[in-house]
Amino acid sequence: MAEVKTRKVIHMVRRGGISKTKAWAIRLLAAALSLLVCAFVIVGITGQNPVAVYAGIISGAVGSGRRAWVTIREMVTLLVIAVGLTPAFKMKFWNLGGERRRRDSCGHDLSGACSAGLAALYHHSDRVGAVRYALGSASGVFQGAL
């Protein structure tokens with residue numbers, strides 16, 4: 001069989017001779033352009049004032065002590081996940097269990113998640129949420145194993 005050579009679509013190289021001022025100017029320009037592009041998308045989809053939408057996002061994230069606490073809690077969770085994934089990515093271990101390339105992969109993770117969600121949602125009980133959690137977990141594990 002002939003070996004097929006693939007060409008990289010995007011090739012990124014770190015620039016060595018750029019000043020810190022210019023590097024920060026590029027970062028700030030990129031952030032400003034992203035806010036501008038998102039403003040056009042906001043106006044195009046919702047027709048609302050983008051500044052009011054951005055203010056609502058900031059208010060929702062850190063508008064009170066409770067909101068700031070929830071934002072920090074969620075941020076720490078995502079950072080812990082990122083720190084856990086970093087060694088796997090450094091070792092070029094990319095398979096995280098959601099691969100859909102092969103024909104025999106039937107989406108076990110998705111079917112397990114749907115089963116767990118439906119079991120927890122439609123289980124009518126006056127008991128504490130622990131029963132729903134246990135039933136949803138058992139259902140998800142069973143369905144994912146099928």
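Me: How many helices and how many strands does the protein chain have?
Reply: This is a predicted model, and its elements, read from the N terminus on, run α-α-α-α-α. The count for the protein chain is therefore five helices and zero strands.

Me: What percentage of the 146 residues of the protein chain count as buried?
Reply: The protein chain exposes about 13000 Å², of which carbon and sulfur atoms supply 67%. Among contacts between residues at least 6 apart in sequence, 22% join residues at least 24 apart. With buried taken as under 20% relative accessible area, the share of the 146 residues that count as buried is 8%.

Me: How far does helix α1 reach from its first C-alpha to its last?
Reply: Helix α1 covers residues 20–46, which makes 27 residues, and at 1.5 Å a residue the expected span is 39 Å.

Me: Against which element do the buried residues of α1 pack?
Reply: The buried residues of α1 are Ala23, Ala39 and Ile42. After α1 comes glycine 47, which has a positive phi near 75°. The element that the buried residues of α1 pack against is α2.

Me: Is valine 51 buried or exposed?
Reply: Valine 51 is found in helix α2, and its C-alpha atom is separated by 9.9 Å from that of leucine 35, 16 residues apart along the chain. Because its relative accessibility is 60% and the cut-off is over 50%, valine 51 counts as exposed.

Me: Why does alanine 61 count as partly exposed?
Reply: Alanine 61 lies in helix α2, which spans residues 50–62. Partly exposed covers the range between buried, under 20%, and exposed, over 50%. Alanine 61 falls in that range because its relative accessibility is 26%.

Me: Which residues does alanine 61 touch, not counting residues up to four places away in sequence?
Reply: The C-alpha atoms of alanine 61 and threonine 71 are separated by 5.9 Å, although these residues are 10 residues apart along the chain. Leaving out residues up to four places away in sequence, the residues that alanine 61 touches are Arg67, Ala68 and Thr71.

Me: Which residues line the largest pocket?
Reply: About 230 Å³ of space lies in the largest pocket. Its lining divides into three nonpolar, no polar and three charged residues. The lining residues are Arg14, Arg15, Ile18, Ala23, Ile26 and Arg27.

Note on methods:
Residues numbered from 1 in each chain as written. Predicted model: local features only at pLDDT ≥ 70, side-chain atom pairs only at ≥ 80, totals over all residues. Heavy atoms only, no water. Helix = DSSP H or I, 4+ residues; strand = E, 2+ residues; numbered from the N terminus. Buried < 20%, exposed > 50% of the residue type's maximum accessible area, 1.4 Å probe, protein only. Contact = heavy atoms within 4.5 Å. Areas by Shrake-Rupley, 256 points an atom, 1.4 Å probe, with all protein chains shown as cover. 1 Å grid on protein atoms, 1.4 Å probe; cavity = no way out; pocket = protein on both sides within 12 Å on 5 of 7 lines; lining within 4 Å. Points joined across faces, edges and corners; volume = space filled by probe spheres on them. Nonpolar A, V, L, I, M, F, W, Y, C, P; charged D, E, K, R; others polar. Expected span 1.5 Å × (residues − 1).
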